[in-house]
Each structure stands twice: as C-alpha cells, then as structure tokens.
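Me: Hi! I'm new to this one and would like a friendly tour. Could you walk me through it?

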Amino acid sequence: MLPVKGFTEFIERHGLFNHGNKILAAVSGGIDSVLMVHLLKAAGFSFGIAHCNFQLRGDESLRDQEFCNHLAQKLRVSFHTVNFDTAKHSADEKTSTQMAARQLRYQWFEEVRQQSGYDLIALAHHQNDAIETILLNLTRGTGIAGVHGILPKNGMLVRPLLFLNRADIETIVADNHIAYVEDSSNASVKYARNKIRLEVIPKLKELNPALEETFEKNLQRFRDLETLLEKQVEQLKARLFEFDGDEVHIPIDEIKKLEPQRLLLFKLLQEYGVNETIVDDLIESLEKHPGRIFETSGYKMVLDREKLIIASNKSTAAGELEIGPNDHQLDYGAYKLAILHDESPLIIKDNPMAVSVDSDLLSYPLAIRPWRQGESFYPLGMKGSKKVSDFFVNEKVPLHKKQEIPLLVNGNGDIVWIGGYRPDERYKVTEKTKKVTIFELILI
C-alpha cells in the first residue's frame, strides 16, 4: 500500500497545500517524482505533470519524455513538456550544465504555473537530498541558512516527499510495482552531488546507519536556530535603524556593542548586498577610518562620524550647468532652480533653499555645479574666507552628500551661494543695493 496517511499528515503539518489547490508536479520520470504523483493521485489532489527534456542524453531523454507523457495519460492529468538546448544555454551563460538546467527548469515551471493557473509547484526531494545539500554547502562554505537543509515550503515551491528517505522510496515503489525510468547520469561521479551520494554518504552510514533520522533531527535544530536568529535581527532592526528619507542610519556605538558582532552585522546588512569581506572591512574601519565608503551592487554605505549611512548608489549629483541673464528656470540634478529679478532690495530670511543677491555684482554667465576640492568662500556673517570642505565638516554634511549640494558660482569664479546652506558675504543685499536676483532651489 502507498503511505497516503503519512503523505497527507506531512502536507498538513507543514501547511504545504490543500485539496482546493491546483498543483504542478515536476516529474523527471525517475523513482522519486513518479512516486510523488502516485501519492498525489491516491490522496485525491488536483495536479498536472511538467517534464523538461534537456536534450543531454540522446534517446534516453526522449524515452523519459514519452514515459512521462504516458504516465500523465494513465493518471488522467494534464501534461506539460518543453525541449531545452541546455548545452547552448550553458555556453551562453558561461555556467555549468547542471546550473544551466536548473535555471531553465525553474523559470519554465513558474511560467507554466502562471499561464495554466496552478497554485504551487511540487518537487520530489526527499530526506537524502537534504543531506546531500547540506554536505555540499558545508564543503563549499555556507552560513546558517545553508545548514537548514531543503525546506518543505519555499515560496511557490513545495516538497511533500521530505517525510521519506531513499530506502523508504525504493521499498514503497517495489512493493507497489510502480514503473519508473533510470537516469544513467545518476551513476556518474562526474557531478559533485552524485559523488556525495555515491561515495561520501555510504561511508557516513557505516558510522551511523540511522544517518537520515539523525540529520532530520539536526535539521530541525538548525531551522529553530535560524528562526531565533532572524527574530533577533528583526528586533535589532526595529531598535537600531533610523530612517531619513530613503536612507537608513545605524548608530556606530550600537554597532560596536553587537555580540557576536560579525554575524549580527552581516545579517543586519544582508538585504543591502554585503558579503563577508565588506563586513570585515567595515568592522576594521569603525575606529580608524570615518568617511570611508563601502559599495555593493545597489547601495553605498558611508561610515560617518557617529553613524553608518546606507543609501542607494544611484547618485543624484549633476555636472555643471550655465545660467544666462534671461534664464528663469533650470533643472539641476534633483532640483529645479527658479530665478526671479526684482527691483526692490528684498532680503530672503529663514529659508535656506532660497537666496537674494545684489544683481549688480553678478557677472554672467553664472554656473551651478558641485563643489571642488580646495575652493573657498566668505560665509555670510563672517569677515574671512573658509574652505568649502571645512564648512561641510562644521555643518556635519555626510561625505556621500557633498557632491549633491549645488553651488551657485559667479562668472568671475566666486561662490555666491552654497545651496541649502549659506550665501556668500560679498554678494549680500545691502542698503546700497538697487535690485536683487532671487534664486530658489525646489526639490523635484
């Protein structure tokens, strides 16, 4: 008899699916996936069969495809199949044949699922597959997520056969006289997974004949540990992350208190694309290198004086833009610059995003541009000059923001206004001013 009761209990315990769901079963024709569809049928679930022909084993690949077609007809379920040029995809993507096949099949499974109205995709992994995956991950290097094994449910993927090991499956199939096909490549130790299956695991089973049962208990412990870690990380994010627009700020003093620091910092920053090397460099720089910038594929992380700033690495800094005497509005980076000429000596107060200057002191064309290393200006209210870099330090402008601050520059090279911060003393409106020009920056 088929173990329908154990099958349905496992599905219910892990909340994989119910009789109201429509399941797309991935079937190679091998012993595992064939048993899975027989169990789905016996348990009364609604499903269809999907089979990939990777065209890597000649007539054997065609044999498997035809077998799966006949199986679907026998079980009276829908059959979906596709032929892939796996070798070409592997060459084009510069990846291994196994990885190419994986990419192709999962992408196609999801396309069929969406187009044909299936709710979930069922895969026939069992307990031994989970052991092989863990050993592979440990051999190649992994974090805690790599030792939790194959999850019963991951997004749209479900694995209802994880309650069985390979020996169980072989016994059930033999006892129930279920036909299946053998993939000759499974006997080759050319592939790393096969080498572990055929050479490593048998040696481990000599040490522990109940290897599958032991690993299943270990997997549950690892999953519980991972859940505990994820909950702690979420609590830390709620406590430490300060949001400023589209930026995230984390106090450096709090980073220094993390224990274990390396693990927790990696988990906190993982969603921003960090790797272990970046985390190590960041920790090393906490005491030594304020102002250092770390970049990932989508973000930049600035080690500011008191906080770590995480921002998109899509810069909003613009180049240099010329301003003529008849211009009234210009787009510059993230801003719109509005220009107004007025005959009255109007002074703008309490608005750092606008400035009024003495029109007669302006020499066109003006320019709006980012700051340049070494240049100075005369901050309003001061008698002497000050380097722009020092002014930014005093104003606590984060390093990654400096190039985004627009400078209004006179035709003679003088800085007239550091947009959003301070005008220049030399261009202020006085009692001698006859007309003013007003510049206003408006965030787009």
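Reply: Happy to! One term to begin with: two strands pair if DSSP finds at least two bridges between them. Helices (H or I, at least four residues) and strands (E, at least two) are DSSP runs, numbered from the N terminus. The model is a predicted one, where local features need pLDDT of at least 70 and side-chain atom pairs count only at pLDDT 80 or more, while totals for chains, interfaces and linings use all residues. Residues are numbered from 1 along each chain as its sequence is written, and side-chain values use heavy atoms, with hydrogens and water left out.

Me: OK, strands then. In β14, what is the bridge partner of Tyr-332?

Reply: The partner is Tyr-335. Strands β13 and β14 (residues 335–342) pair in the antiparallel sense, over four bridges.

Me: Which sheet has β13 and β14 in it?

Reply: An open sheet of four strands, in the order β13-β14-β22-β15, with antiparallel pairing. β13 (329–332) and β15 (354–358) stand at its edges with a single partner strand each, so one side of each has no neighbour in the sheet. On average, neighbouring strands of this sheet are turned by 20 degrees against each other, direction ignored; here axes are lines fitted to C-alpha atoms, for helices over the stretch in contact, and angles run from 0 to 180 degrees between N-to-C directions.

Me: And what is the order of the open sheet of five strands?

Reply: That order is β12-β16-β19-β20-β21, and the pairing is antiparallel. Its edge strands are β12 (321–323) and β21 (422–423), each pairing on one side only. Three antiparallel bridges join β12 to strand β16 (residues 366–369), and Glu-322 stands opposite Ala-367 in β16.

Me: Let's switch to helices. How far apart are the end C-alpha atoms of α3?

Reply: They are 24 Å apart, which agrees with the 24 Å that the 17 residues of α3 (residues 59–75) should span at 1.5 Å a residue. The expected span is 1.5 Å times one less than the number of residues.

Me: Which residues of α3 are buried?

Reply: Glu-60, Ser-61, Asp-64, Gln-65, Phe-67, Cys-68, Leu-71, Ala-72 and Leu-75. They cover an arc of only 160 degrees around the axis, which puts them on the same side of α3; the arc is that of the directions from the helix axis to the C-beta atoms. Buried means under 20% relative accessible area, exposed over 50%, and partly exposed in between (1.4 Å probe, protein chains only).

Me: And what is exposed on the other side of α3?

Reply: Asp-59, His-70, Gln-73 and Lys-74 are exposed there. As for the buried residues of α3, their cover includes α2 (31–42), β2 (46–53) and β3 (79–83). Contact here means heavy atoms within 4.5 Å.

Me: What about Arg-113, buried or exposed?

Reply: Arg-113 is buried, at a relative accessible area of 12%. This residue is in helix α5 (residues 97–116). Not counting residues up to four places away in sequence, Arg-113 touches Leu-24, Tyr-118, Asp-119, Leu-120, Ile-121 and Met-156.

Me: How many residues are in the largest nonpolar core?

Reply: It has 50 residues, and those with the most contacts inside it are Phe-7, Phe-17, Phe-47 and Leu-161. A nonpolar core is a set of buried Ala, Val, Leu, Ile, Met, Phe, Trp, Tyr and Cys residues joined through side-chain atoms within 4.5 Å. The largest share of this core, seven residues, comes from α2. Apart from it lies another core, of 25 residues, among them Val-233, Val-248, Leu-268 and Met-301.

Me: Back to Phe-7: what is it in contact with?

Reply: Leaving aside neighbours within four places in sequence, the contacts of Phe-7 include Met-36, Leu-39, Leu-40, Pro-160 and Leu-161.

Me: Last topic, the backbone. Which peptide bond is cis with omega near 0 degrees?

Reply: The one from Glu-259 to Pro-260. Pro-260 sits in the loop between α10 (252–257) and α11 (261–269). The bond from Tyr-364 to Pro-365 is cis too, with omega near 5 degrees, and Pro-365 is in the loop between β15 and β16.

Me: And where does His-177 lie?

Reply: In the loop between α7 (166–175) and α8 (192–207).
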